[in-house]
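Please brief me on this chain.

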Amino acid sequence: MDPQLREVAQLFERLKAAFARNDFNTCTTLLTQIKVLLTKFPSLPPSFQPTPNASEELTIARQIYEHAVVLSVKIEDQEAFERDFSQLKPYYTDTCNIIPPSSEEYPILGLNLLRLLVQNRIAEFHTELELLPPSALENPCIKHAVELEQSFMEGAYNRVLSARQAVPHETYVYFMDLLAKTVRDEIAGCSEKAYDYLTINDAKKMLMFSSDQELSQYISEDHPEWEIRDGCVFFQKAKETQPCKEIPSLQLINQTLSYARELERIV
């Protein structure tokens, strides 16, 4: 085996061992070292030079970046996820005729779709989806993300929240928790505009909490302006703290008339 390839393989084994024992600090350090060594392989993207060890180098590099993506989820670093996924993606799109497909491809592609959904990057979500072959839509990981997006767009927030219990891969839990918080915040915002108060049971049901303690913790952390008393959650205090914005009606009328006069001159 080529000496540089052997060094990368040895470091990768240490990375996997550290990953297995959840030693993420060591993983991050080793990953940095490995990425520097990978830059010396001309067979990797974007060059794709046909070297004697191209197949082995591409395979191990793909595995390393797959671990990097999962590691970014474990340490809850979304910027690292985006960076590592962008480095990994060419191994899925441009190496089909060089190395066999990876068993982690669809779980990671589905994870990326879920990330885009959590970040409300819907246009990019659909762009990534259109790049996949039709058969990919039958994969449980891709299907999960597509169904989530449909539920989210339909406002079927109960389906979004309950989907956490049926994630197709353990790495999805982090983004599902973020999505659940986004959904709860959306429901909470609508609730305080629609109601003056809700009973605690109704508030729990609407926000899909299973206990009074979970509801109380959510309110204290995210909505301290709400008030819990007499078995109810009162939103009136929140409404009072929101300043009313005066609509400059006279100014708008004058502007509209001015536009109309200018339009007449042009015509």
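The briefing below goes from the whole chain to single sites.

This is a predicted model, where local features need pLDDT of at least 70 and side-chain atom pairs count only at pLDDT 80 or more, while totals for chains, interfaces and linings use all residues. Residues are numbered from 1 along each chain as its sequence is written, and side-chain values use heavy atoms, with hydrogens and water left out.

**Whole chain**

- The chain has 13 helices and three strands. Helices (H or I, at least four residues) and strands (E, at least two) are DSSP runs, numbered from the N terminus.
- Of the 267 residues, 40% are buried. Buried means under 20% relative accessible area, exposed over 50%, and partly exposed in between, with a 1.4 Å probe and protein chains only.
- Take the contacts between residues at least 6 apart in sequence: 61% of them join residues at least 24 apart. Contact means heavy atoms within 4.5 Å.

**Helix α2**

- Helix α2 covers residues 24–38, and its 15 residues should span 21 Å at 1.5 Å a residue. The expected span is 1.5 Å times one less than the number of residues. The end C-alpha atoms of α2 are 20 Å apart, which agrees.
- Phe24, Cys27, Leu30, Leu31, Ile34, Leu37 and Leu38 are the buried residues of α2. They fall within an arc of 125° seen down the axis, so they line one face of the helix. The arc is that of the directions from the helix axis to the C-beta atoms.
- This buried set packs against α1 (3–20) and α3 (54–74).

**Gly110**

- Gly110 sits in helix α5. Its relative accessibility is 0%, so Gly110 counts as buried.
- Leaving out residues up to four places away in sequence, Gly110 touches Cys141, Ile142, Ala145 and Tyr172.
- Lys143 is 33 residues from Gly110 along the chain, yet their C-alpha atoms are separated by 8.1 Å.

**Cavities**

- Rolling a probe the size of a water molecule over the atoms shows where empty space is left. On a 1 Å grid over the protein atoms alone, a cavity is a set of points where a 1.4 Å probe fits but cannot get out; a pocket is an open set with protein on both sides within 12 Å along at least five of seven lines; lining residues have an atom within 4 Å of a point. Grid points are joined across faces, edges and corners, and a volume is the space filled by probe spheres set on the points.
- The whole structure holds two cavities of 30 Å³ or more.
- The largest cavity has about 40 Å³ of space. Its lining is Ala188, Ser191, Leu198, Ala203, Met206, Leu207, Trp226 and Phe235. Seven are nonpolar, one is polar and none is charged.
- Nonpolar covers Ala, Val, Leu, Ile, Met, Phe, Trp, Tyr, Cys and Pro; charged covers Asp, Glu, Lys and Arg; the others, Gly among them, are polar.
- The second largest cavity has about 30 Å³ of space. Phe85, Leu109, Asn112, Leu113, Glu128 and Leu132 line it. Helix α5 (residues 105–118) supplies the largest share, three residues.

**Largest pocket**

- The largest pocket has about 420 Å³ of space. Among its 16 lining residues, Asp177, Ala180, Lys181, Arg184 and Phe209 are the closest to its centre.
- α8 (157–162), α9 and α11 (212–222) each supply at least two lining residues.
- The pocket lining has six nonpolar, three polar and seven charged residues.
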